[in-house]
Amino acid sequence: CGTGATLLELSRRVGPHGKVVGIDHSPEMAAIAWQRIAASGAKNIELLVEPIESASVGHQADALLFCFAHDVLQSKQALHNVFSMAGQGARVATAGAKLAAWWWAAPLNGWIHWRGRRYRTTDRGLLRPWEQLREYCPNIQVMDTFNLGTSYVAEGPYLGDIASRTNI
């Protein structure tokens, strides 16, 4: 969940009877998220500070949001764990940085590599970051690209059963 920039809007959208769970491995990022949560007075947000590969929320999620979570999207172990917490049919959305596909975009792509150097451990899959989600969401679609093709939003339903997946 990073600094929690999306948590308050998600909290508002699920309402007082819903629950939002943010997960981040960085105590520094989580501290900023906690400040936002406390200042808002939201009571339906839980924050877990642990690696996504081992996090557990204790219930099935109706929706998953991967917001600028490139490393998570490229990790089979992380995706396996996240989808083990999702109910079949859960709505899945992702947004983040990507490389532009055009030959003339080399300067833009250089900037994307440079800008994300502190936030990513891998650039693998940066041309199509959502592709690893196809194992769980075969119908995922890119809904929009923006910032001259260097950012994207994609969504689709989780159609599988995590129990049958063993290739992590």
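Partly exposed here means a relative accessible area between the buried limit, under 20%, and the exposed limit, over 50%. Keep that in mind for the first view of this predicted model.

**View 1. Two tryptophans, Trp102 and Trp104, pair through their rings.** At 44% relative accessibility, Trp104 falls in the partly exposed class. Trp102 is partly exposed as well, with a relative accessible area of 42%. The structure holds six aromatic pairs. In this one, the ring centres of Trp102 and Trp104 are 5.2 Å apart and the planes lie at 0 degrees, so the pair is stacked.

**View 2. Tyr136 and Tyr158 make a tilted pair.** Their ring centres are 6.4 Å apart with the planes at 50 degrees, so the pair counts as tilted. It joins distant parts of the chain, 22 residues apart: Tyr136 sits in the loop between α5 (106–115) and β5 (141–146), and Tyr158 in the segment after β6 (151–157). Both Tyr136 and Tyr158 are buried. Together with Phe66 and Phe83, they form one aromatic cluster.

**View 3. The largest nonpolar core has 27 residues.** Leu64, Phe66, Phe83, Val92, Leu133 and Tyr158 touch the most other members. Two or more residues each come from β3 (61–67), α3 (70–73), α4 (76–84), β4 (86–97) and β6. The largest share, four residues, belongs to α4.

**View 4. Here is Leu133 with its contacts.** Leaving aside residues up to four places away in sequence, Leu133 touches Phe66, Leu73, Leu79, Phe83, Val92, Thr94 and Ile140.

**View 5. A second core is separate and has seven residues.** Among them are Leu7, Ala33, Ile45 and Leu47.

Terms used. Residues are numbered from 1 along each chain as its sequence is written. This is a predicted model: local features need pLDDT of at least 70, side-chain atom pairs count only at pLDDT 80 or more; totals for chains, interfaces and linings use all residues. Side-chain values use heavy atoms; hydrogens and water are left out. Rings of Phe, Tyr and Trp (its six-membered ring) pair if their centres lie within 6.5 Å; planes under 30 degrees apart count as stacked, over 60 as edge-to-face and the rest as tilted. Buried means under 20% relative accessible area, exposed over 50%, partly exposed in between (1.4 Å probe, protein chains only). A nonpolar core is a set of buried Ala, Val, Leu, Ile, Met, Phe, Trp, Tyr and Cys residues joined through side-chain atoms within 4.5 Å. Contact means heavy atoms within 4.5 Å.
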